[in-house]
Every structure is written in C-alpha cells, then in structure tokens.
Amino acid sequence: MIKLLFPTPINISTLKEPTHLIYDEVGFLLNKGYTNKVISGVDGDRIDITNEFFEKENLTYIPTLLNNIQKNILSFCKDICIKPQYITESWININPTNSYNKRHCHPGSVISGTYYIKYPIDADSPICFYRSREFSDYGWTYAADRDVDELKSYYSHHPCENELIMFPSYLDHDVASNHSKDSRVSLAFNTSP
Ligand SMILES: [Fe+2]
C-alpha cells in the first residue's frame with residue numbers, strides 16, 4: 001500500500017468581481033497616500049486595509065470583495081476538513097514593472113491567499129509555490145522520472161484577473177518580476193480561527 005501523506009491543498013478559482021471598479025478604489029486610496037513599502041516585495045507598494053480607513057473612506061467594492069473572499073475561505077475550509085478561518089489582515093500589493101516578491105511564507109496565519117485585481121496579459125509574473133527545502137536538499141528535485149505536479153519541488157502558476165488563490169500559510173512562495181509596463185495589483189490576506 002502506498003499512502004500519499006501530507007497533501008498540500010491549493011485552491012484556484014475565478015470570481016465575478018467588477019475588477020475595474022475595485023481598481024478605481026485602489027487608485028483613490030493611492031491618491032490619498034495610504035501606501036507603505038511591501039515587506040516581502042522589491043520595488044512595490046502596499047496599502048494595508050484597516051478598519052480605520054473603512055470608517056473614514058466611503059468604499060463599496062473593496063469591502064464587498066473581502067466579504068466574498070471570506071465566503072470562499074469558509075467553503076475551502078469545509079472542503080479540506082479544517083475549522084473555519086477568518087481574515088485577520090489584508091493588504092493591497094501594487095507591483096510596477098520589474099517588481100517582484102521574494103520567497104516567503106505567512107507565519108501566524110492558517111490559510112493565506114491572493115486575489116488578482118489587475119494582471120496585465122504581458123506580465124509573465126507567475127506565483128511559485130515550493131516544497132520544503134529538505135525536499136531539494138535530499139535530492140528529490142531531480143528524482144522524479146515523470147513530469148507530474150505531485151513529484152515536483154515547486155509549482156508555478158500564471159494567474160489571471162479576477163482569480164483567487166488560497167493556500168496553507170506555511171507554504172513558501174514567491175512572485176516573479178512583472179514584465180509588463182502596467183502594474184500588477186492584487187489583494188492578499190491572512191486568516192486565523
Ligand atoms: Fe505571500
């Protein structure tokens with residue numbers, strides 16, 4: 001009997017959000033100066049979503065998006081048989097040309113995720129998930145004799161606009177450079193019980 005232990009559930013789905021209207025709200029927040037530098041990113045900007053600006057600013061589409069993402073998180077939790085997880089923090093990443101996110105994971109969270117508000121067609125900027133470093137150190141990267149995702153040391157995914165990706169927060173990932181002249185804009189989140 002062969003048992004495939006410790007599977008890594010990643011959920012990729014397409015939402016039906018009005019991305020252009022969400023993007024307009026991001027532009028409004030940028031104009032108001034709500035930016036910080038991205039912690040794991042290089043040359044990108046970040047807007048932390050806080051209750052304070054929900055109280056101060058009259059936003060419509062970002063709060064609705066967050067509600068819909070929360071519904072998707074609950075359904076993902078149910079599918080993979082874990083207790084309900086709730087968004088504890090969320091932020092918007094604005095990645096202009098040549099900016100990228102270094103390999104990182106999300107300590108203190110159970111499920112993390114990214115929703116793509118804007119993903120230029122020529123961005124060529126996939127998100128890549130990695131197995132543990134031990135997998136590579138012990139030679140498993142080149143041990144597979146066939147090309148299947150289950151035997152790979154990494155999984156690279158080219159996202160598209162309106163896509164929601166959810167994954168276990170312990171899973172290392174990075175984002176390749178944005179090759180487009182337009183910015184890649186996403187909303188990221190962490191969760192807890
Ligand atoms: Fe991340």
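Reply: A nonpolar core is a set of buried Ala, Val, Leu, Ile, Met, Phe, Trp, Tyr and Cys residues joined through C-beta atoms within 7 Å. Buried means that 20 or more other C-beta atoms lie within 10 Å of a residue's own; exposed means 12 or fewer, and partly exposed is in between, with C-beta atoms placed from the backbone. This is a predicted model: local features need pLDDT of at least 70, side-chain atom pairs count only at pLDDT 80 or more, and totals for chains, interfaces and linings use all residues. Residues are numbered from 1 along each chain as its sequence is written.

The largest nonpolar core here has 28 residues. L65, I69, I92, Y115, I117, M166 and L187 touch the most other members. Two or more core residues come from each of α1 (19-31), β4 (45-49), α3 (61-79), β5 (86-95), β7 (111-118), β10 (163-168) and β12 (184-192). These labels follow DSSP runs, numbered from the N terminus: helices are H or I with at least four residues, strands are E with at least two. Helix α3 gives the largest share of the core, five residues. In soluble globular proteins, nonpolar side chains tend to be buried together.

Begin with its length. A helix is expected to span 1.5 Å times one less than its number of residues. The 19 residues of α3 should therefore span 27 Å, and its end C-alpha atoms are 27 Å apart, which agrees.

Now look at its sides. The buried residues of α3 are I62, L65, I69, I73 and F76. Seen down the helix axis, they fall within an arc of 85°, so they line one face of α3. That arc is taken from the directions from the helix axis to the C-beta atoms. The buried residues pack against β1 (11-14), α1, β7, β10 and β12. Packing here rests on contacts: two residues are in contact if their C-beta atoms, placed from the backbone, lie within 7 Å.

Turn to the face away from the buried side. It carries the exposed residues P63, N67, K71 and K78. Take K71, which sits in α3. It counts as exposed because it has 10 C-beta neighbours inside 10 Å. K71 and F28 are 43 residues apart along the chain, and their C-alpha atoms are separated by 26 Å.

Just after α3 comes a detail of the backbone. C81 takes a positive phi of about 60°.

Leaving aside its neighbours within four places in sequence, I92 is in contact with V26, R46, I47, I49, V185 and L187.

Finally, step back to the whole chain. The protein has four helices and twelve strands. Of its 193 residues, 26% count as buried. Among contacts between residues at least 6 apart in sequence, 85% join residues at least 24 apart. The C-alpha atoms fill a box of roughly 60 × 40 × 30 Å, taken along the principal axes.
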